[in-house]
Amino acid sequence: MTVTVSVLGSGSRGNSTFIRTDEVRILIDAGMSRREVAKRLESIGEDPDGIDAVLVTHEHNDHASALRVIVKDLPIRAYLTAGTISALKAEEYELNGSSIIPIKPGVAFAVGDAEIMPFSVPHDAADPVAFSVTANGVKITQLTDVGWLPDPVLEQLRGTDILILESNHDLEMLRVGPYPWNLKERLMSRHGHLSNTAVARFIREQFDGQARHVVLAHLSSRNNHPEIARQEATRAMNFRGLNTDHLFVTNQDAPSPPIWL
């Protein structure tokens, strides 16, 4: 009885995370091409067509661009909030044995042996959520595309065994970087993306320290660097006396090594 987790890719060019339980194989988001998702599944030893369900966090292309093709090609269940369904016009998708199932933030549902909790997050999308997935006594929480960490979001992170957390940008790199100021303001806003500094503050002040694996995700290729993100999180974990042996940084171009619990 194990749970397998691999971040297939994370960043502005596409996001998708694979979770396998005893009974089901789940994707959180499908922001890469159908072919690329299949290739990355194969590279970690998984069936490229063996997906039972897709959980979609929000409608932005880097999270949902492949959904239309996947529900046409594979008989899967896709779970989206009503706002995301509307924003994607998903009711118009061609479904060959697939189904699109509306979900509500704060209302748990089951997919096979996995209990899934969608919870609202502050981000500039129609009805965005993040997900916690619990199976075989293991809780996985993925939280990206979030501008800040209000108390209801922090509550959802408690008791997590595998925490996949956005560490999008280095504040100084963003400030001096090439983006126009209005985009910089959006990224740093409460409906934008978490910085390395915000993640370090969370670890020092609010993290319950229970996660056996901490995975930093959704790094900007222009406004961050994996080692900068890793070092900030490492310093914060050292401040708390937490083990950093299982602190990982995701890659935009390759899947993360599978985690088995």
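Me: Which residues line the largest cavity?
Reply: Val7, Gly9, Ser10, Asn15, Ser16, Thr17, Gln142, Thr144, Ile164 and Ala217 line the largest cavity. They count as lining because each has an atom within 4 Å of a cavity point. This is a predicted model, where local features need pLDDT of at least 70, side-chain atom pairs count only at pLDDT 80 or more, and totals for chains, interfaces and linings use all residues. Residues are numbered from 1 along each chain as its sequence is written, and side-chain values use heavy atoms, without hydrogens and water.

Me: What makes it a cavity?
Reply: On a 1 Å grid over the protein atoms alone, a 1.4 Å probe fits at its points but cannot get out. The volume is the space filled by probe spheres set on those points, joined across faces, edges and corners. The largest cavity holds about 40 Å³. The structure has 1 cavity of 30 Å³ or more.

Me: Which strands each supply at least two residues of that lining?
Reply: Strand E1 (4–9) and strand E2 (16–20) do. Strands are DSSP E runs of at least two residues and helices are H or I runs of at least four, numbered from the N terminus.

Me: Why is His123 called buried?
Reply: Buried means under 20% relative accessible area (exposed is over 50%, partly exposed in between; 1.4 Å probe, protein chains only). His123 has 3%, so it counts as buried. His123 sits in the loop between strand E8 (114–120) and strand E9 (129–135). Its contacts (heavy atoms within 4.5 Å) include His58, His60, Asp145 and His191, not counting residues up to four places away in sequence.

Me: What makes strand E11 mostly covered?
Reply: In E11 (residues 162–166), 5 of its 5 residues are buried. Ile162, Ile164 and Glu166 point one way, Leu163 and Leu165 the other.

Me: How do you know that E10 and E11 pair?
Reply: Pairing takes at least two DSSP bridges between the strands. E10 (residues 138–143) and E11 have 4, in the parallel sense.

Me: What makes E7 and E13 edge strands?
Reply: The open sheet has 7 strands with mixed pairing, in the order E7-E8-E9-E10-E11-E12-E13. Strand E7 (109–111) and strand E13 (247–249) each pair on one side only. For E12 (residues 213–217) and E13, 3 bridges join them in parallel. Val215 has Phe248 in E13 as its bridge partner.

Key: 1 Å grid on protein atoms, 1.4 Å probe; cavity = no way out; pocket = protein on both sides within 12 Å on 5 of 7 lines; lining within 4 Å.
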